[in-house]
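Please examine the structure shown below and follow the explanation with the chains in view. The account begins with a single helix and then widens to domains, chains and core.

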Amino acid sequence: MDELYFFLEVLIGGLLSGTMYSLVALGFVLIYKASGIFNFAQGTMVLFAALTFVGVLELGAPALLAAVVTLAVMVVLAFAVERLVFRHMVNQPQVILFMATIGLAYFLEGLGQTIWGTEVHVLDLGIPDRGLWLGPILVSQFDLIAAVVVALLVAALGVFFRTTTMGRALRGVADDHQAALSIGIPLHHVWVAVWSVAGFVALVAGLVWGSKLGVQFSISLVALKAIPVMIIGGFTSIPGAIVGGLIVGASEKLAEVYIGPFVGGGLENWFPYMLAMLVLMVRPEGLFGEKIIERV
Amino acid sequence: MQKHFIAALAALVLALPGLAGAQEQSGDGGEQFVPVTSYRTGPYAVSGIPFMDGFIDYLKMVNARDGGIEGVRITWEECETAYKPDRFVECYERLKNRGERGASVFNPLGTPLTYAVIDRLPADKMPLITLGYGRTDASDGRVFPYVFPLLVNYWSQSTAKIRYIAGLEGGHEHLKGLKIANVHHDSAYGKETGPVLARQAEEYGFEVDHFPVVHPGIDQKAVWLNVRRYRPDYVILRGWGVMNQTALKEAARIGLPAEKIIGVWWSCAEQDTVPAGDAAIGYTCSTFHGNGTDFPLIQDILLHVHEAGNATGPVEYVGTASYNRGVINAFVTVEAIRTGMGRYGARALSGEEVRWGIENLDLDEADIAAAGATDLVPPLRVTCSDHEGGGKVLFVRWTGETFEPASDWLEPDRDLVRGMVEESAAQYAAEKSITPRSCDS
């Protein structure tokens, strides 16, 4: 029976970790869905947002003001990215846009650390960070609360996309760029909006991961956890990002615990990528992605 | 317009050497070049920055206070490795021939980085100081004439840790039946103590199991669930950078008391404990040197470097564990060069000549006191065959604000370690067809 409880503990812990990966994956999905750009800089945006938030906080601002200032910075960043980078690359192949986001990632990484320093900034949002016994099963209170944050964020994004004019415009652009342009949806404005929303998601992810790890360079590396999530869930699907996160989280933890001891451990980094590769073989668009149909 | 662009480009190109890394310009009267391979970027920058600030500040202080080593000014150039072996090799190749007579000695600050160049050293006649880290069996100078894992190598440190646990349990005889989890960075550094732990487990009857954490260690939940299932009496933590604080937090989440976790010195800095918050209170870890600013040598750095406005980093780093470790590395480097100058004269030395200086380094308590480093640096005596030099290990406990001593200075199990070092070095020599040199004369 103890072994069963332990299995459940690993499973639940993995699912909760997965929601934290989904949080980062959501930012990738939003930008890809609206513009077809795989934004390599999403992980760095998480770091940049967290560094800005904690930097403003350390200047003596209350948390709410720090969040508002950071959001404003992320919106300015969205404008700058659209104006200075992507506006000049319209009609370029996707790989060029992808390369541009690599440059953006390194630029933001350096800029953030130049402004706010490279030391670890402690971020205490008052989220309890101890184990919680649910009967015989131990779960992390922090991860439970993070999962609730993800659920609220997804609900908020759902409301935004379905009920606001900009949200509907975003969905229109995501479905068909040409058709959206033909009915007067301003593509550049939509891109700014979606990068701003991705900036907001990066801020939330930065706060959650920053509370967990401390705000520091390593936060940008959580993006590496989000990539298999998107491959599995699909690059264009928000529900896919959630389900992909849950699959990655649960499978990597179960693999590490039950297979790891037989192969010397250290599976957590590569197991999700192996899983993603298998999904690519049988369903290249991911479990929830749009079916790729090319007319010739 | 085009002219302006070309002028700007030319200015940028001319400025590039300055941008490439911090450099000390050469002066008259000869200069000794010390390469500085650092990591100020990447997931380990948190630990690397204060270390290198301490290292460079000490070199600056020697130049400012003494006019260099025996009148020979020290010059240096910093090269960023990001704690990556390939980049360290690149830095090594780029810097090894800099200076009047080439680079004097490399301090890679990383065991994986050390392994990456060990085979190149004899051909380049270039010494490597790996103070408190690196390849342990390189302590046998007969097989590894160019490598110096000074003061306390990893196996010595590990035996001191077992001695500390034995002290907590009431003696070595009470180690029997204990379960020890070795949670380690999944790298050459993390795995280095596996053999000595296995040997001591056999000797004392305790059980040890290994739990690797993959780079960089930002998500360790599964590892700690495995640790919980193992139900260890103690956990040995061999982390680096972000892995340390994450480990302490995960341990708290599974309900493992911090008092049961005993860390290596690379898991024993303020940068590791402060971000972990309450989860780190009671955590015990090891050190081979003194912390704080209450040493004349550190005060000299504050006076001649920080107050002179020539500091490498913020004054808040001064006295922290990582900063002081950097200072000690530079101190030993400088004293080795000074020893070499005692034989070859007060001029710039080659790598081979500095190697002689390291191998003949003999700093007793009076020398350390004269340098203003009593209780900061332990006495050190290096010989042809012993490239470790003999140091002790102190265990300290994190109170939430500072590290406080949790033990006396403990002697490692030198007999056991030396035997294993010679065994392992002989095996390496056989594999590489190396004839160990004689140290009898």
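How confident is the prediction for chain A? The mean pLDDT of chain A is 88, and 98% of its residues reach 70 or more. Within chain A, confidence is highest in helix H3 (residues 63-85), at a mean of 94, and lowest in H7(A), at 76.

Attention now turns to chain B. Its domain assignment gives domain 1 (23-153 + 291-392 + 421-432) and domain 2 (154-289 + 393-412). The C-alpha centres of domain 1 of chain B and domain 2 of chain B are 27 Å apart. Across the boundary, 27 residues of domain 1 of chain B are in contact with 27 residues of domain 2 of chain B. On the side of domain 1 of chain B that touches domain 2 of chain B, helix H2 (45-66), helix H4 (111-117) and helix H13 (321-344) of chain B each supply at least two residues. The largest share of that side, five residues, comes from H13(B). Sorted by class, the side of domain 1 of chain B that touches domain 2 of chain B has 13 nonpolar, eleven polar and three charged residues.

The two chains also meet: 31 residues of chain B are in contact with 32 residues of chain A. On the side of chain B that touches chain A, the elements giving two or more residues are H2, S6, H9 and H10 of chain B. The residues of this side divide into 17 nonpolar, seven polar and seven charged.

Eight of its ten residues are buried, so H9(B) is largely enclosed by the rest of the structure. Among the buried residues of H9(B) are Trp224(B), Leu225(B) and Arg228(B). Their cover includes H1 and helix H10 (238-258) of chain A, together with strands S5 (179-185), S6 (207-213) and S7 (234-238) and helix H10 (242-253) of chain B. Just after H9(B), Arg231(B) takes a positive phi of about 55°.

Strand S7 of chain B contains Arg238(B). Is Arg238(B) buried or exposed? Arg238(B) is buried, because 28 other C-beta atoms lie within 10 Å. Leaving aside residues up to four places away in sequence, Arg238(B) touches His184(B), His185(B), Gly190(B), Thr193(B), Val264(B) and Ser267(B).

In soluble globular proteins, nonpolar side chains tend to be buried together. The largest nonpolar core here has 229 residues, of which Val46(A) and Val194(A) touch the most other members. H8(A) provides the largest share of this core, 17 residues. Each of domain 1 and domain 2 of chain B contributes at least three residues to this core. Not counting residues up to four places away in sequence, Val194(A) touches Leu30(A), Ile31(A), Ala34(A), Ser35(A) and Leu170(A).

Methods: Residues numbered from 1 in each chain as written. Chains lettered and ligands numbered in written order. Predicted model: local features only at pLDDT ≥ 70, side-chain atom pairs only at ≥ 80, totals over all residues. pLDDT = per-residue confidence, 0-100. Helix = DSSP H or I, 4+ residues; strand = E, 2+ residues; numbered from the N terminus. Domains from an automatic or database assignment. Contact = placed C-beta atoms within 7 Å. Nonpolar A, V, L, I, M, F, W, Y, C, P; charged D, E, K, R; others polar. Buried ≥ 20, exposed ≤ 12 C-beta atoms within 10 Å, placed from the backbone. Core = buried A, V, L, I, M, F, W, Y, C linked by C-beta atoms within 7 Å.
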